[in-house]
Amino acid sequence: TDAPTMALEHVLQALTDKDGQSLSPHAKMDHVFSCENVPFKRSFIASTTNPPLLFNDVTEIAEGKGKCHDGKVREVPESFDVLIAGTECVDFSNLTTTPKGLRGGGRSAITFWATVDLAELRQPPLVILENVASCPAKEMEQAFRDI
């Protein structure tokens with residue numbers, strides 16, 4: 001869901017001195033889009049953070065456009081400074097009986113590589129990924145270094 005986005009908003013709000021003055025007057029956050037494949041999670045995002053664009057599937061937007069929750073196909077914004085992504089984790093989890101890894105073709109790998117493709121297409125200066133502790137973090141990091 002949008003927990004990382006919400007957390008970043010709270011961090012920016014909390015960066016104040018004892019008099020309530022901002023410690024980072026130039027730091028601001030504009031939530032330009034979200035993407036969620038699971039319909040009930042997409043509804044949660046729409047109702048809590050209400051991003052200007054809410055795409056349905058990262059595998060679509062990796063090519064620069066995709067269907068939004070309202071059914072319309074829209075372009076992914078051309079420019080943004082931070083991409084925060086949480087790709088599916090089921091294939092990386094210690095709880096799975098059939099781990100697939102990044103090259104195993106499972107939904108975790110598919111959504112991860114789509115996120116890499118999106119980052120390569122739009123070139124944000126910073127990418128923040130969240131996933132389960134047992135994800136192949138070193139391999140994931142290398143994929144972004146290769147962009």
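Visitor: In this predicted model, is F144 buried or exposed, and what is its relative accessible area?

Guide: Buried means under 20% relative accessible area. F144 falls under that cut-off, so F144 counts as buried. Its relative accessible area is 18%.

Visitor: Which residue has its ring paired with that of F144, and in what geometry?

Guide: The partner is F112. The two ring centres lie 5.8 Å apart, and the planes meet at 85°. Planes over 60 degrees apart count as edge-to-face. The pair F112 and F144 is therefore edge-to-face.

Visitor: How many residues apart in sequence are the parts that this pair ties together?

Guide: F112 sits in helix α4. F144 sits in helix α5. The pair therefore ties together parts whose separation in sequence is 32 residues.

Visitor: What is the relative accessible area of F112?

Guide: The cut-off for buried is under 20%. F112 is buried. Its relative accessible area is 0%.

Visitor: What do F33 and F80 form, with ring centres 5.3 Å apart?

Guide: The count of aromatic pairs comes to 4. In the pair F33 and F80, the planes stand at 70°. Over 60 degrees counts as edge-to-face. So F33 and F80 form an edge-to-face pair.

Visitor: Where do F33 and F80 lie, and how far apart in sequence are the parts they tie together?

Guide: F33 is in the loop between α1 (3-14) and β1 (34-35). F80 is in the loop between β4 (73-75) and β5 (82-85). Both residues are buried. The pair therefore links parts separated in sequence by 47 residues.

Visitor: Which residues do ring pairs link into a cluster, and which residues does F55 touch?

Guide: Setting aside residues up to four places away in sequence, F55 touches F33, S34, C35, E36, R42, I61, G66, K67, C68, R74, E75 and V76. Ring pairs make a cluster of F33, F55 and F80.

Visitor: Is I110 buried, partly exposed or exposed?

Guide: I110 belongs to helix α4. Beyond its neighbours within four places in sequence, I110 contacts T59 and G105. Its relative accessible area is 40%.

Visitor: How far apart in space are D117 and T59, C-alpha to C-alpha?

Guide: D117 is in helix α4. At 39% relative accessibility, D117 is partly exposed. D117 and T59 are 58 residues apart in sequence. In space, their C-alpha atoms are separated by 8.9 Å.

Visitor: Which element supplies the largest share of the lining of the largest pocket?

Guide: The pocket has a volume of about 1100 Å³. Its lining counts 41 residues, with D2, T5, I84, A85 and G86 nearest the centre. At least two lining residues come from each of α1, β1, α2 (39-48), α3, β5 and α4. The largest share, 5 residues, comes from α1.

Terms used. Residues are numbered from 1 along each chain as its sequence is written. This is a predicted model: local features need pLDDT of at least 70, side-chain atom pairs count only at pLDDT 80 or more; totals for chains, interfaces and linings use all residues. Side-chain values use heavy atoms; hydrogens and water are left out. Contact means heavy atoms within 4.5 Å. Helices (H or I, at least four residues) and strands (E, at least two) are DSSP runs, numbered from the N terminus. Buried means under 20% relative accessible area, exposed over 50%, partly exposed in between (1.4 Å probe, protein chains only). Rings of Phe, Tyr and Trp (its six-membered ring) pair if their centres lie within 6.5 Å; planes under 30 degrees apart count as stacked, over 60 as edge-to-face and the rest as tilted. On a 1 Å grid over the protein atoms alone, a cavity is a set of points where a 1.4 Å probe fits but cannot get out, and a pocket is an open set with protein on both sides within 12 Å along at least five of seven lines; lining residues have an atom within 4 Å of a point. Grid points are joined across faces, edges and corners, and a volume is the space filled by probe spheres set on the points.
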